[in-house]
Amino acid sequence: MGISRDSVHKRRKTGGKRPVVRKKRKFELGRPAANTKMGPKRIRPVRTMGGNRKFRALRLDTGNFAWASEGATRKARIMDVVYNASNNELVRTKTLVKNCIIQIDATPFRQWYEAHYGVTAGRKKKTEDKPEEEVKKSNHVQRKVEGRKADSKIGQLLDDQFNTGRLYACVASRPGQSGRCDGYILEGKELEFYLKKIKKEKSTDCDSALIPLL
């Protein structure tokens with residue numbers, strides 16, 4: 001039969017049946033969901049109406065993520081899918097879709113932060129015991145970095161994430177349509193909101209696991 005997006009087959013608002021007066025049309029077709037998973041990049045082009053193309057991402061492992069408050073964007077590795085408002089099954093199967101909450105590697109952003117502000121992101125000081133070779137900088141560059149240090153404050157929740165090596169991010173692109181998994185780092189009130197949601201999901205999962213044992 002195929003997937004159809006028409007409304008010809010649907011009933012009227014009153015509940016009455018409509019007479020079918022024509023067959024299916026090409027412009028009403030639908031396609032199977034991409035169900036993009038985590039893994040080595042695998043993208044398939046799809047010819048669409050008018051000779052245009054969509055890009056089905058079947059597997060992705062990296063994406064470009066923006067740190068909005070700092071105005072910085074870096075390519076980062078996708079580590080895990082942790083929350084999806086629409087369906088918990090998409091979390092279990094690690095499916096990448098728009099607006100899902102994922103964890104990404106914090107290393108590219110930590111390196112940028114240290115180079116830009118001259119300050120280490122994260123509050124752990126255990127690594128300071130090892131002496132590191134200082135990179136020589138000109139006086140002009142040193143003055144610029146010193147001037148930025150006053151603005152080098154990030155939120156406590158985000159700072160704690162740098163210690164774990166993973167940052168929470170939201171996917172803003174549509175992997176099944178554009179073939180990319182790009183997004184932005186969560187911070188501020190939005191980060192607080194999703195941390196509560198993730199914590200709640202974990203607690204409900206634990207409760208449901210204990211029910212058979214009682």
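Two strands count as paired if DSSP finds at least two bridges between them. Helices (H or I, at least four residues) and strands (E, at least two) are DSSP runs, numbered from the N terminus. With those terms in hand, hello everyone, and let's look at the structure.

A word on where the values come from. This is a predicted model, in which local features need pLDDT of at least 70, side-chain atom pairs count only at pLDDT 80 or more, and totals for chains, interfaces and linings use all residues. Residues are numbered from 1 along each chain as its sequence is written, and side-chain values use heavy atoms, with hydrogens and water left out.

Let's begin with the strands. Strands of a sheet pair through backbone hydrogen bonds, either parallel or antiparallel. Here, three strands make an open sheet in the order 3-5-4, with mixed pairing. Strand 3 (37–38) and strand 4 (42–47) are the edges; each has a single partner strand, so one side of each lacks a neighbour in the sheet. Strand 4 pairs with strand 5 (residues 53–60) in the antiparallel sense over six bridges.

Now on to strand 6, residues 62–67.

Time for the helices. In helix 2 (residues 107–117), the buried residues are Pro 108, Phe 109, Trp 112, Tyr 113 and Tyr 117. Why do they fall on the same side of helix 2? Because they cover an arc of only 130° around the axis, where the arc is that of the directions from the helix axis to the C-beta atoms. The face turned away from this buried side carries the exposed residues Gln 111 and Ala 115. After helix 2 comes Gly 118, with a positive phi near 70°.

Helix 4 (residues 156–164) has its own buried residues: Leu 158, Asp 159, Gln 161 and Phe 162. Their arc is only 155° around the axis, which puts them on the same side of helix 4. Just after helix 4, Gly 165 takes a positive phi of about 85°.

Some of these names come back when we look at rings. Rings of Phe, Tyr and Trp (its six-membered ring) pair if their centres lie within 6.5 Å; planes under 30 degrees apart count as stacked, over 60 as edge-to-face and the rest as tilted. There are eight aromatic pairs in the structure. One of them is the tilted pair of Tyr 113 and Tyr 117, 4.9 Å centre to centre with 55° between the planes. These two are four residues apart in helix 2, which separates them by about one helical turn. Ring pairs also join Trp 67, Phe 109, Trp 112, Tyr 113, Tyr 117 and Phe 162 into a cluster.

Last, the charges. A salt bridge is a side-chain nitrogen of Lys or Arg within 4 Å of a carboxyl oxygen of Asp or Glu. The structure holds four salt bridges. One of them joins the side chains of Asp 80 and Lys 94 (2.7 Å, N to O). Asp 80 sits in strand 7 and Lys 94 in the loop between helix 1 (89–92) and strand 8, so the pair links distant parts of the chain, 14 residues apart. Asp 80 is buried at 19% relative accessibility, whereas Lys 94 is partly exposed at 31%.

Terms used:
Buried < 20%, exposed > 50% of the residue type's maximum accessible area, 1.4 Å probe, protein only.
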